[in-house]
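Take a walk through this structure with the text below. Keep the sequence and the 3D view side by side.

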There are 2 protein chains.
Amino acid sequence: MTSVLMIEDDDRIRRSLALALEDEGYAVRATATAEEGLAAQKQQPADTVLVDLMLPGLDGFDCIRELRRHDDVPIVVISARNDTHDIVAGLEAGADDYLVKPVAVKELSARLRALRRRARAAAPVPALVFGNLEIRTLAGEVLRDGRTVPLTRTEFRLLCELAEHAGMVLSRQRLLSRVWEYDFGDERLVDVHVARLRQKIEDEPGCPRRLITVRGMGYKFQR
Amino acid sequence: MTSVLMIEDDDRIRRSLALALEDEGYAVRATATAEEGLAAQKQQPADTVLVDLMLPGLDGFDCIRELRRHDDVPIVVISARNDTHDIVAGLEAGADDYLVKPVAVKELSARLRALRRRARAAAPVPALVFGNLEIRTLAGEVLRDGRTVPLTRTEFRLLCELAEHAGMVLSRQRLLSRVWEYDFGDERLVDVHVARLRQKIEDEPGCPRRLITVRGMGYKFQR
DNA sequence: GGAACCATGACGGTTTCATGACATTCCGAC
DNA sequence: GTCGGAATGTCATGAAACCGTCATGGTTCC
């Protein structure tokens, strides 16, 4: 079953839409504020998030941006505001679709299906396996020859970022921005952590098979 | 640049929307019938397809289903019909989004961006293939007969620049400016790097098949 | 035949990396 | 709070790879 998280401050709309979606076969959780919604999604991620724009406290745009920082979940805006300006802003913030209230549940349901059709194709793999190396992205652990390798948080995130784009060269800038969320900073930092990672996951010291340096460009994870 | 194929039978709408999208930076091709559109997409695939529902001959729903049989391209319906029933049918047929005419170009553009953001995540790694030579631009690697050829950064960028414009003569000045980001400088520099590249990717020494010198003009990559 | 144009080997200077050592920050235990 | 260890970031160093220049000799054009 598809799970949906709805973030909507109007009690009546929240309840009626939740009921209607449940009739359509969705598992619905609902919160009245962005803060609660973000916490709920962090704790137990839903397959799709519906979000209103006008929310008390953190508004819908901020909520979308915050979700997008860590999550690739499909996001649908449901708002009473129907100016082109708001629609564009919502989509630019990272939403995938935008519906104007009042929404037809059948239409919403069809749009959710269309969205999931796409999202599934790009779904993140819960575990990445490369030879003797297994990276359990969700469990946060890495196995080498079946034994867990103790990685620090930074090392783990760096490895995930590289392995999720296996075969692709990632620049130090990009790694800094994705792993450290620095938009600037010393690129040498990446080198140091790659070196530490190598000592933990490479089989032959001094001869990296997985974490390849591409001189002048960055690093890549070799399948 | 993003390319768009528009299938729309109303001449006025087709022309004005095409112009507006071009202003937004899209490369637009447009056809008046589904049959033409399908042929165009088969021959030279666009990144996104816009399709009207009411078309003479094959209608929009059929057109979407036919596209979906072979192609995972994002499809947006643009229709005057705004019943929930039509919207659901359009999405169920395989469309990713549905806009009701008249469309705001800014909104359309934002929706296209949102759609491409998702579609890109699932896209395979693009590569340029010429006979026994495969250039993986993102992986930063070049395969010759399936084996990777170690290229330096400059060599790689030079090769990409030439191969991306295969068949076209590029002047030394242009190469300097694109590969080295020099706006002036010794043109001999290009020669030296072409020579090094030849030693790595040409099969017969002394008889270049790929990297062709065009005397007095520059170099070109021969397919 | 001469002039312009091009190919390529060699070399020194520079850039780029890998990594060990050290300072700082973070975080849980008490 | 504060103590201690782990995690993280900064720096310095040496080694390796790379780049641009130049010189020489070959080729093409008129």
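Two residues are in contact if their C-beta atoms, placed from the backbone, lie within 7 Å. Count contacts in chain A between residues at least 6 apart in sequence: 50% of them join residues at least 24 apart.

A word on the source. This is a predicted model, in which local features need pLDDT of at least 70, side-chain atom pairs count only at pLDDT 80 or more, and totals for chains, interfaces and linings use all residues. Residues are numbered from 1 along each chain as its sequence is written, while chains are lettered from A and ligands numbered from 1 in the order in which they are written.

Start with chain A as a whole. Its C-alpha atoms fill a box of roughly 65 × 35 × 25 Å, taken along the principal axes. Its secondary structure comes to eight helices and 11 strands. Helices (H or I, at least four residues) and strands (E, at least two) are DSSP runs, numbered from the N terminus. Of the 223 residues in chain A, 32% are buried. Buried means that 20 or more other C-beta atoms lie within 10 Å of the residue's own; exposed means 12 or fewer, and partly exposed is in between, with C-beta atoms placed from the backbone.

The domain assignment gives domain 1 (3–120) and domain 2 (128–221). Such bounds come from an automatic or database domain assignment. Taken over C-alpha atoms, the centres of domain 1 of chain A and domain 2 of chain A are 34 Å apart.

Over residues 3–116 the chain is 49% helix and 20% strand, and the end C-alpha atoms are 11 Å apart. The unreviewed UniProt entry also gives "DNA-binding region" for residues 125–223 of chain A. Over residues 125–223 the chain is 35% helix and 23% strand, with end C-alpha atoms 15 Å apart. UniProt positions are given in the numbering used here, feature names are shortened, and annotations may be inferred rather than shown by experiment.

Look next at helix α1 (residues 11–23) of chain A. It has 13 residues and reaches 18 Å from its first C-alpha to its last, close to the 18 Å expected at 1.5 Å a residue. The expected span is 1.5 Å times one less than the number of residues. A:Gly25 follows α1(A), and its phi is positive, near 100 degrees. A:Ala20 is found in helix α1 of chain A. Why does A:Ala20 count as partly exposed? Because 17 other C-beta atoms lie within 10 Å of A:Ala20. A:Ala20 and A:Ile212 are 192 residues apart along the chain, and their C-alpha atoms are separated by 52 Å.

Where do the two protein chains meet? In all, 27 residues of chain A are in contact with 24 residues of chain B. On the side of chain A that touches chain B, the elements giving two or more residues are α4 (84–93) and α5 (105–121) of chain A. α5(A) gives the most to this side, with nine residues. The residues of this side divide into 14 nonpolar, three polar and 10 charged. Here Ala, Val, Leu, Ile, Met, Phe, Trp, Tyr, Cys and Pro count as nonpolar, Asp, Glu, Lys and Arg as charged, and the others, Gly among them, as polar.

A residue is near a strand if its C-beta atom, placed from the backbone, lies within 6 Å of it. Of the 20 residues around DNA strand C, A:Ala195, A:Thr213, B:Asp191, B:Ala195 and B:Thr213 come nearest. Two or more residues come from α8 (188–201) of chain A and from α8 (188–201) of chain B. The surface near DNA strand C divides into six nonpolar, six polar and eight charged residues.

DNA strand D is surrounded by 19 residues; the closest are A:Thr152, A:Arg153, A:Thr154, B:Thr152 and B:Thr154. The elements giving two or more residues are α6 (153–164) and α8 of chain A, together with α6 (153–164) and α8 of chain B. This surface near DNA strand D has six nonpolar, four polar and nine charged residues.

Finish with some backbone details. A cis peptide bond joins A:Lys101 and A:Pro102, with omega about -5 degrees. A:Pro102 is found in the loop between β5 (97–100) and α5 of chain A. B:Asp145 is not a glycine, yet has a positive phi of about 55 degrees. B:Asp145 counts as exposed because it has 10 C-beta neighbours inside 10 Å.
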